[in-house]
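I opened the model to look up a few things. My notes follow, entry by entry.

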Amino acid sequence: MSSTLPDPRPNADSIAYWESAKQGRLVLRACAECSHKHFPPRRLCPVCWSESLHWTDATGLGTVHTFTIMRRAPVPEFAAQVPYVVALIDLAEGPRMMANIVGEDAHAVRIGERVSVCFEQRGDWAVPQFRRISD
Amino acid sequence: MSLRNSAVVVGIGESDIGHLPHMTGLGLNAQAARRALDDAGLRPDDIDGLVTAYSMTEPYFMLGTVLCEYLGLQPGYCASLVAGGATPAVMVGHAAAAIASGQANTVLVVTGENRASGQTRDQAVAALATAVGHPYFEYPYGPSIPGCYAMIARRYMHEYGTTREQMARVAVTTRMHACLHPNSHMKTPIEIGDVLTAKPIADPLTLLDCCLISDAAGALILTRPDRASGARSAPVWLYGIGEAHTHEHLSSAPSLTEFGVTRAGAAAYGMAGITPRDIDVAQLYDCFTIVPIIELEELGFAPRGAGGEFWEAGHAQIGGKLPVNTHGGMLSHAHAGAAGGMFGIIEAVAQLRGGLGPRQVEGASTALVHNEGGVLSSNCTLVLGRERR
């Protein structure tokens, strides 16, 4: 996808996530008290409310929980991308995240398929995306 | 304290509906309010409470007091609530609680927007995408509201075998009902094939799987039961209300096949002291065709996975086992912000009053309304009835 697409907008909760993505790493928030890993990143653990959190690297592997092929763009920035795939990915570590399925065979994606993370440049930043794993 | 029998609906009003560039959002609200007040046989001075929602086309910071000012009201109770599409049912709960606690005696519950003419279609789609999608973790991937519901539909089809044709039947049935309503936005009958071959929006949804964008407002007048004797129509009683809020953004939903509808419904049934078998007519939120299929199941009207068959078999039609969205719903009657769900409440009251001609559900004495907001994020169920319970 092209650089006219929306850039990430880091804030105090997420700056480390986006800095990591820029370096090609997908990171999650992990709780020191209950070991729950969460996404998107927060100030406290949404399970036990502990404020003892650290960042941990995800494997970048996941499965497709569901997806759609977008035939109409919600905002002009995505108009040139239509049709494109938006999916919910269940990461191997547990959390679920939204991403595009990218790559030439993206439209052949199916529920339950394994995917792996890749990174797409957006201005000075990068966003995590996923590709189908052909095994 | 239960809200059962705490308040009665004595007035209902719909604004004009459609593409109405000669009216503002506030003007639509005023028209609906005036009609509800006339329907109740009351005067503006009788109103001592106002509850409204929000407006995306006219985004006043304090919409409730803006509306009061516009209407020349100086009430002792005023609230502006935001729970997306679930707001109207939540508004009824707040109005009833204000009445039960003595904060107000007669409350105007009103909401609506000029969604069709107050912004372009592109602006409408963009505004919703940025309002409901996570601004940092979903927006960069270009989902739309239809896209989010399409992902729910696809997962539901995968887990339960719900079919495209069953979803299309929801659109066809509600259009048929809208054709019987004098104030509905869409009045041309459609067939299954029309839905399946309509412009694709986000697979598997086409344009006819998606709700309308209308200029519209709806209003209710709620009052203390002991003040309802002068009402022009028989008062409709609040039996029960229940809410459940499980997430905001789709990527954080606990499940894509089990939502908060069940919990909201159970709380409403519990307060009303009834079961799904007691419901004669249901007005279910139908922003997209998959939604009233899921709601039928979670509210106990069909076993899990059998909601699509329920529609396919004609059980949701007027004359069927449980008529659903007898006004045409948001797919065919009107959808304008929070007003979408409001029209379901208005229709429930109208059905309980009776006398709707070919649209009337024979003998309707207990009605259910379900509103949901976000992406099945906030849920609110109402149970209403004809007699004190």
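What percentage of the 135 residues in chain A is buried? I get 36%. I call a residue buried if 20 or more other C-beta atoms lie within 10 Å of its own, exposed if 12 or fewer, and partly exposed in between, with C-beta atoms placed from the backbone.

Ground rules. This is a predicted model, where local features need pLDDT of at least 70 and side-chain atom pairs count only at pLDDT 80 or more, while totals for chains, interfaces and linings use all residues. Residues are numbered from 1 along each chain as its sequence is written, and chains are lettered from A and ligands numbered from 1 in the order in which they are written.

Chain A, overall. I looked up its elements: one helix and eight strands. The order from the N terminus is α-β-β-β-β-β-β-β-β. Chain A is as compact as a globular protein of its length, because its radius of gyration is 15 Å, close to the 14 Å from the globule rule for 135 residues. I take the radius over C-alpha atoms; the rule is 2.2 Å times the number of residues to the power 0.38. Helices (H or I, at least four residues) and strands (E, at least two) are DSSP runs, numbered from the N terminus. The C-alpha box is roughly 45 × 30 × 25 Å along the principal axes.

Chain A, sheet. I found an open sheet of three strands, ordered S2-S1-S3 in chain A, with antiparallel pairing. S2 (37-38) and S3 (53-57) of chain A are at the edges with a single partner strand each, so one side of each has no neighbour in the sheet. Strands pair if DSSP finds at least two bridges between them. Two bridges link S1 (27-31) of chain A to S2(A). A:Arg29 has A:His38 as its bridge partner in S2(A).

Chain B, one loop residue. B:Ile47 sits in the loop between helix H1 (25-40) and strand S2 (49-52) of chain B. Is B:Ile47 buried or exposed? B:Ile47 is buried, because 24 C-beta neighbours lie inside 10 Å. Beyond four places in sequence, its contacts (C-beta atoms, placed from the backbone, within 7 Å) are B:Leu73, B:Pro75, B:Thr106 and B:Leu108.

Chain B, helix H6. H6(B) covers residues 164-178 and spans 21 Å from first to last C-alpha. Twelve of its 15 residues are buried, among them B:Met167, B:Val170 and B:His177. I see the buried residues of H6(B) packing against helices of chain B including H5 (145-160) and H9 (290-298).

Definitions and conventions:
Contact = placed C-beta atoms within 7 Å. Expected span 1.5 Å × (residues − 1).
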